[in-house]
Protein chains: 2
Amino acid sequence: MAEHAIQIGELSRRTGCNIETIRYYERIGLMPAPPRRGRYRSYDADHVGRLGFVRRARELGFTLDEVRTLLDLAAGGAAACLEARTLAASHLLDIRARIADLRRMERVLNQSVQACDAEQASCCPLIEALYADHGKSAGGRATKIAI
Amino acid sequence: MAEHAIQIGELSRRTGCNIETIRYYERIGLMPAPPRRGRYRSYDADHVGRLGFVRRARELGFTLDEVRTLLDLAAGGAAACLEARTLAASHLLDIRARIADLRRMERVLNQSVQACDAEQASCCPLIEALYADHGKSAGGRATKIAI
DNA sequence: ACTTGAGTCTGTAGTCGCTACAGATGGCAT
DNA sequence: ATGCCATCTGTAGCGACTACAGACTCAAGT
């Protein structure tokens, strides 16, 4: 069994996860503290699987807390599916809201840049737009700036 | 002149910027330290304008460093326009890349949630998708996760 | 005059998800 | 013995805030 043991560098290579990040995940309890060979951490296929799971969930934009929940659900039984679905669906809404925010930004910025190209007159339309106070700007959803 | 002086609370109300954030901006030199009436900060129309500028730039997703640059450019002369345009254009590219990232996440998540709805069989397709190792997942642009 | 309440002050520490060191070991090849 | 790389621990930094604690100022009400 121990013949498939790998060190942290190899785990990093296989999962694409930074070494420092792996240790960070261990520190915050997202990854279990592995056994040691000497002083060195010794990982096996389970660790590779779990860390892969974490990375893929992160790539989908789940927070570490959500990843923790998903891991629990993955370990849990059949009833977990509904809960996972709920979590994913709410996360999906969040992503869509962020897309909408970014598209608003994109639209406004694009207008400004194009105005800048069109007009070679007096002052910078881009900077003027930022100074202008009239009504609302790009942020429609919330005052909060969550880039 | 001093008759239009306002306190930090009023500045916060007029710009929609949190009081603590205003003081933070002062600390990092983004907003000038205003004169005091007694111990209280005393702001005028210029401050309202500048802070409004900052907020609008932030809502467009510029970083504080970029905002600083934009403020300098706004104070500078005519040559600033081109530079501002360049900054905005590069920021626009960044926003578009982030939109693309989020849309990838959205697509994958949406598939998973729908698979979850369709199939009431055995195991959770969502969690299985996260465990699956085959090829690449949602992140196509970079390994880096910048949500 | 006294109290109450709201507003403001300073300073520090926490958030999230890493990332980047410094300085000490470990183990292997030459 | 000497390099050299990998790994170890621990701590501090990033960006952009946010959240306190504990002190103060000031105007209004009783």
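Predicted model: local features only at pLDDT ≥ 70, side-chain atom pairs only at ≥ 80, totals over all residues.
Colleague: What percentage of the contact residues of chain A recur in chain B?

Modeller: Chain A brings 51 residues to the contact, and chain B brings 51 residues. The same surface serves both copies, and the share of the contact residues of chain A that recur in chain B is 100%.

Colleague: How much area do chain A and chain B bury between them?

Modeller: Of the area buried between the two chains, 71% lies on carbon and sulfur atoms. The total for chain A and chain B is about 4900 Å².

Colleague: Which three residues supply more than any other three of the area that chain A buries against chain B?

Modeller: The contact takes 51 residues from chain A. Three of the residues of chain A supply 14% of the area that chain A buries against chain B, and these are Arg56(A), Glu59(A) and Leu130(A).

Colleague: How far apart are the closest N and O atoms of Arg85(B) and Asp117(A)?

Modeller: Between chain A and chain B the count is 4 salt bridges, and the interface also holds 10 residue pairs in polar contact. Side chains of opposite charge can pair when their charged atoms come close. Arg85(B) and Asp117(A) form a salt bridge in which the closest N and O atoms are separated by 2.6 Å.

Colleague: Which element supplies the largest share of the side of chain A that touches chain B?

Modeller: In chain A, α3 (45-59), α4 (64-75), α5 (80-118) and α6 (125-131) each supply at least two residues of the side that touches chain B. The largest share, 21 residues, comes from α5(A).

Colleague: How do the residues of that side of chain A divide into nonpolar, polar and charged?

Modeller: The side of chain A that touches chain B was traced above to helices including α5(A). By class, its residues are 31 nonpolar, 9 polar and 11 charged.

Colleague: How far does a polar side-chain atom of Tyr40(B) lie from a base nitrogen of DNA strand C?

Modeller: Of the atoms of DNA strand C within 4 Å of the protein, 71% belong to sugar or phosphate and the rest to bases. On the phosphate side, an N or O atom in the side chain of Tyr25(A) is 2.9 Å from a phosphate oxygen of DNA strand C, and a backbone N or O atom of Gly9(B) lies 3.0 Å from a phosphate oxygen. On the base side, a polar side-chain atom of Tyr40(B) lies from a base nitrogen of DNA strand C at 2.5 Å.

Colleague: Which element gives the most to the surface near DNA strand C?

Modeller: By class, this surface has 7 nonpolar, 5 polar and 10 charged residues. The element that gives the most to the surface near DNA strand C contributes 5 residues, and it is α2(A).

Colleague: Which element supplies the largest share of the surface near DNA strand D?

Modeller: Around DNA strand D there are 22 residues, with Arg23(A), Arg36(A), Arg41(A), Arg39(B) and Arg58(B) coming nearest. A side-chain N or O atom of Arg23(A) is 2.8 Å from a phosphate oxygen of DNA strand D, and a polar side-chain atom of Arg41(A) lies 2.6 Å from a phosphate oxygen of DNA strand D. The largest share of the surface near DNA strand D, 5 residues, comes from α2(B).

Colleague: By about how much of the helix are Arg68(A) and Asp65(A) separated?

Modeller: The side chains of Arg68(A) and Asp65(A) meet in a salt bridge, at 3.6 Å from N to O. Because the two residues are 3 residues apart in helix α4 of chain A, the separation of Arg68(A) and Asp65(A) is about one helical turn.

Methods:
Residues numbered from 1 in each chain as written. Chains lettered and ligands numbered in written order. Heavy atoms only, no water. Contact = heavy atoms within 4.5 Å. Buried area = accessible area lost by both parts, 1.4 Å probe. Polar contact = N/O pair within 3.5 Å; in protein donor to acceptor, adjacent residues only side chain to side chain. Helix = DSSP H or I, 4+ residues; strand = E, 2+ residues; numbered from the N terminus. Nonpolar A, V, L, I, M, F, W, Y, C, P; charged D, E, K, R; others polar. Near = heavy atom within 4 Å.
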